Amino acid sequence: MTPDARAELLLSFARGPRLLREAVEGCPAEALDFRPGPGKWSVRDIAWHMAESELHGYCRGRFIVAEPGVTIVPYDQDRWADTLEPGNHPLEEALDLFRLLRELLARQLRRLPEAVWGQSILHPQRGDLTLERWLGIYADHLHVHLAQIQKVLTAWRSSTAG
């Protein structure tokens, strides 16, 4: 990846907190906890998933920089979601946690020397994970869930229509 392409990816990564906040704030309050079906996530669930995923992402990114070559422990996102009970936690905390972790790491990433971008960790299911590949995964991950939020809202609107 060229330094210019990486800079664009870093900008996308850094825009994440604003995009997530806008998506959540665009939801009517009564839609936040709507689940479109059994085993499906609500907007609140998605926001908390993003915060928890960012915790893992922050650690993974830091391992790549500070302890390249280590094997990380994967996590089961559904089990994490099932045990959190996001309805008992303020949505604002999820948004703040996501923002703080992403802003901190984006700032750190911008200052890294070129050589660090080729360092990697071992993910038991994904194999070798370089810092560049990690950044692409986490930048794209948000967009997957922003689309999911829109699908939940569409289902909610359909369920409340006439």
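Begin by selecting Leu 146, which lies in helix α5 (helices are DSSP runs of H or I with at least four residues, strands are runs of E with at least two, and both are numbered from the N terminus). The model is a predicted one, in which local features need pLDDT of at least 70 and side-chain atom pairs count only at pLDDT 80 or more, while totals for chains, interfaces and linings use all residues. Residues are numbered from 1 along each chain as its sequence is written, and side-chain values use heavy atoms, with hydrogens and water left out.

Is Leu 146 buried or exposed? Leu 146 has a relative accessible area of 15% and is therefore buried (buried means under 20% relative accessible area, exposed over 50%, and partly exposed in between, with a 1.4 Å probe and protein chains only). Now display the contacts of Leu 146, leaving out neighbours within four places in sequence: they are Leu 19, Leu 20 and Ala 23 (a contact means heavy atoms within 4.5 Å). Draw a distance from Leu 146 to Ala 161 as well; 15 residues separate them along the chain, and their C-alpha atoms are 23 Å apart.

**Arg 6 in helix α1**

Move to Arg 6, a residue of helix α1, which runs over residues 3-25. Arg 6 has a relative accessible area of 6%, so it counts as buried. Beyond four places in sequence, Arg 6 is in contact with Met 1, Glu 114, Trp 117, Glu 132 and Leu 135.

Select residues 91-110, which form helix α4. The 20 residues of α4 should span 28 Å at 1.5 Å a residue, and the end C-alpha atoms are 29 Å apart, which agrees (the expected span is 1.5 Å times one less than the number of residues). Which residues of α4 are buried? They are Leu 91, Ala 94, Leu 95, Phe 98, Leu 101, Arg 102, Leu 105, Ala 106 and Leu 109. Turn the view to look down the axis of α4: the buried residues fall within an arc of 145°, so they line one face of the helix (the arc is that of the directions from the helix axis to the C-beta atoms). These buried residues pack against α1, α2 and α5.

Within α4, pick out Ala 106. Ala 106 is buried, as its relative accessible area is 2%. Not counting residues up to four places away in sequence, Ala 106 touches Leu 10, Phe 13 and Ala 14. By comparison, Ile 46 is 60 residues from Ala 106 in sequence and 22 Å from it in space, C-alpha to C-alpha.

Select α2, residues 43-66. Its 24 residues should span 34 Å at 1.5 Å a residue, which agrees with the 34 Å between its end C-alpha atoms. In α2, 18 of the 24 residues are buried, so this helix is largely enclosed by the rest of the structure.

Continue to Ile 72 in the loop between α2 and α3. Its relative accessibility is 6%, so Ile 72 counts as buried. Which residues does Ile 72 touch, not counting those up to four places away in sequence? The list is Arg 60, Phe 63, Ile 121, Leu 122, His 123 and Pro 124.

The largest pocket holds about 320 Å³ of space. A pocket is found on a 1 Å grid over the protein atoms alone, as an open set of points where a 1.4 Å probe fits, with protein on both sides within 12 Å along at least five of seven lines; lining residues have an atom within 4 Å of a point. Grid points are joined across faces, edges and corners, and the volume is the space filled by probe spheres set on the points.

To find the largest pocket, select Arg 60, Tyr 75, His 123, Arg 126 and Tyr 138, the closest to its centre of the 14 lining residues. The elements that give two or more residues to this lining are α2 and α5 (131-160), and α5 has the largest share, four residues. The lining of the largest pocket comprises six nonpolar, six polar and two charged residues (Ala, Val, Leu, Ile, Met, Phe, Trp, Tyr, Cys and Pro count as nonpolar, Asp, Glu, Lys and Arg as charged, and the others, Gly among them, as polar).

Finish at the second largest pocket, with a volume of about 210 Å³. Among its 17 lining residues, Arg 35, Trp 41, Asp 45, Ala 81 and Asp 82 lie nearest the centre. Helix α3 (77-84) and α2 each supply at least two residues of this lining, and α3 gives the most, with six. The lining of the second largest pocket has seven nonpolar, three polar and seven charged residues.
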